[in-house]
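Subject: Structure for you to look over, with notes

Dear colleague,

Please find below the structure that I said I would pass on to you. My notes follow it, and I would be glad if you read them with the structure open beside you.

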Amino acid sequence: MRSEASWGLKAAAVGGLLFLHLPILLIFLYAFTTEERTYQFPPPGLTTQWFAVAWGREDIWPPLYLSLKVAAISTALAMILGTLVAAAMARARFFGRDQISLLILLPIALPGVITGMSLRSAFGVMDIPFSTWTIVLGHATFCIVIVYNNAVARMRRLSGGIMEASADLGANSFQTFWYILLPNLGSALLAGGMLAFALSFDEVIVTTFTAGQQSTLPIWMLNELVRPRQRPVTNVVAIVVFAATFFPILIADYLTRGGSETAGMGK
């Protein structure tokens with residue numbers, strides 16, 4: 001028999017949602033304010049002029065391009081390396097397998113400050129100059145984990161019998177991968193890639209330690225908050241970052257909802 005939630009529980013749920021999302025709504029609100037320097041509430045007026053101002057600000061575009069470039073390369077590396085590691089860990093049995101799994105997951109569990117400091121120290125010891133590639137390496141450390149988690153979970157639900165059956169029917173390794181393995185892994189890999197892209201695009205802490213003098217879009221936003229020129233412009237850019245991270249996560253959630261329906265999976 002289905003029971004209704006109490007009013008107290010409903011109120012607690014609503015309060016939790018407001019606590020999580022009200023600050024985001026304020027960002028949207030102050031992107032339309034007519035006040036340039038303060039966060040007066042309620043706003044004295046509403047306007048869309050800051051979107052045009054943001055479009056014309058030349059200092060925004062290089063950080064945006066850099067963020068997109070870093071996120072795309074980091075995601076591509078994560079898709080390749082994360083899938084290969086997942087394939088090895090899901091099928092192979094060897095001594096120390098659980099310990100290695102823990103080491104693979106460690107970068108996403110460690111605080112970003114620790115990861116950033118360790119990478120900066122490593123780059124200094126190896127005399128590697130800061131560049132786009134040092135940012136990519138920093139982001140790849142956690143992007144690989146995201147893809148790995150999605151891929152290994154799907155592979156463990158995928159029966160090895162269907163690949164053996166494919167080989168028995170005369171398919172070579174590429175055909176088995178293309179027609180059997182990839183269709184069953186496709187949604188999990190795509191979801192992992194979208195999550196990795198979203199996390200890379202809005203990463204701040206690791207980027208701070210690995211970027212040198214370069215500035216990604218989140219770093220640009222942080223600098224603008226410290227030394228503001230036009231506060232509403234920062235909120236407009238925040239809306240762009242929100243969209244660039246929210247929609248990939250939404251699509252990833254949709255793609256992984258049917259993850260339990262995997263070919264060859266036993267009951």
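In these notes a residue is called buried when its relative accessible area is under 20%, exposed when that area is over 50%, and partly exposed in between. Leu225, at 48% relative accessibility, therefore counts as partly exposed. Please keep in mind throughout that this is a predicted model.

Overall picture

When contacts between residues at least 6 apart in sequence are considered, 74% of them join residues that are at least 24 apart.

In soluble globular proteins, nonpolar side chains tend to be buried together. The largest nonpolar core here has 17 residues, and Ala86 and Tyr148 are the ones with the most contacts inside it. Two or more residues of this core come from each of α3 (61-91), α6 (132-157) and α8 (173-201), and α6 gives the most, with 8 residues.

Ala71 is worth a separate look, and it is found in helix α3. Its relative accessibility is 0%, and it therefore counts as buried. Once its neighbours within four places in sequence are left aside, Ala71 is in contact with Phe197, Ser200 and Phe201. Ala71 and Met194 are 123 residues apart in sequence, yet their C-alpha atoms are 9.9 Å apart in space.

Polar and charged pairs

Which side chain does Thr132 join through a polar contact of 3.3 Å? The partner is the side chain of Gln214. Thr132 has its place in helix α6, and because its relative accessibility is 13%, it counts as buried. Beyond its neighbours within four places in sequence, Thr132 is in contact with Leu66, Lys69 and Val70 as well as with Gln214.

Side chains of opposite charge can pair when their charged atoms come close. The structure holds 1 salt bridge, which Arg57 forms with Asp59, the closest N and O atoms being 2.9 Å apart. The two partners fall into separate accessibility classes: Arg57, at 6% relative accessibility, counts as buried, whereas Asp59, at 26%, counts as partly exposed.

Towards the surface

To return to Leu225, this residue lies in helix α10, which spans residues 217-226. Leaving out residues up to four places away in sequence, Leu225 touches Tyr39 and Thr234. Leu225 and Asn235 are 10 residues apart in sequence, and the distance between them in space, C-alpha to C-alpha, is 9.8 Å.

A nonpolar surface patch of about 590 Å² is made by Val14, Leu18, Leu22, Leu25, Leu26 and Phe41. Of these residues, Val14 has its place in helix α1 (residues 7-30), and with a relative accessible area of 47% it is partly exposed.

A backbone detail

Where does Asp127 sit in the chain? It is found in the loop between α5 (112-125) and α6. Asp127 has a positive phi of about 55° although it is not a glycine. At 67% relative accessibility, Asp127 counts as exposed.

With best wishes

Technical notes. Residues are numbered from 1 along each chain as its sequence is written. This is a predicted model: local features need pLDDT of at least 70, side-chain atom pairs count only at pLDDT 80 or more; totals for chains, interfaces and linings use all residues. Side-chain values use heavy atoms; hydrogens and water are left out. Contact means heavy atoms within 4.5 Å. A nonpolar core is a set of buried Ala, Val, Leu, Ile, Met, Phe, Trp, Tyr and Cys residues joined through side-chain atoms within 4.5 Å. Buried means under 20% relative accessible area, exposed over 50%, partly exposed in between (1.4 Å probe, protein chains only). Helices (H or I, at least four residues) and strands (E, at least two) are DSSP runs, numbered from the N terminus. A polar contact is a pair of N or O atoms within 3.5 Å; within protein, one must be able to donate a hydrogen and the other to accept it, and residues adjacent in sequence count only if both atoms are side-chain atoms. Patches are made of residues with over 30% relative accessible area and no salt bridge: like charges are joined within 9 Å, nonpolar side chains (Val, Leu, Ile, Met, Phe, Trp, Tyr) within 5 Å. Accessible areas come from the Shrake-Rupley method with a 1.4 Å probe; for residues, only the protein chains shown count as cover. A salt bridge is a side-chain nitrogen of Lys or Arg within 4 Å of a carboxyl oxygen of Asp or Glu.
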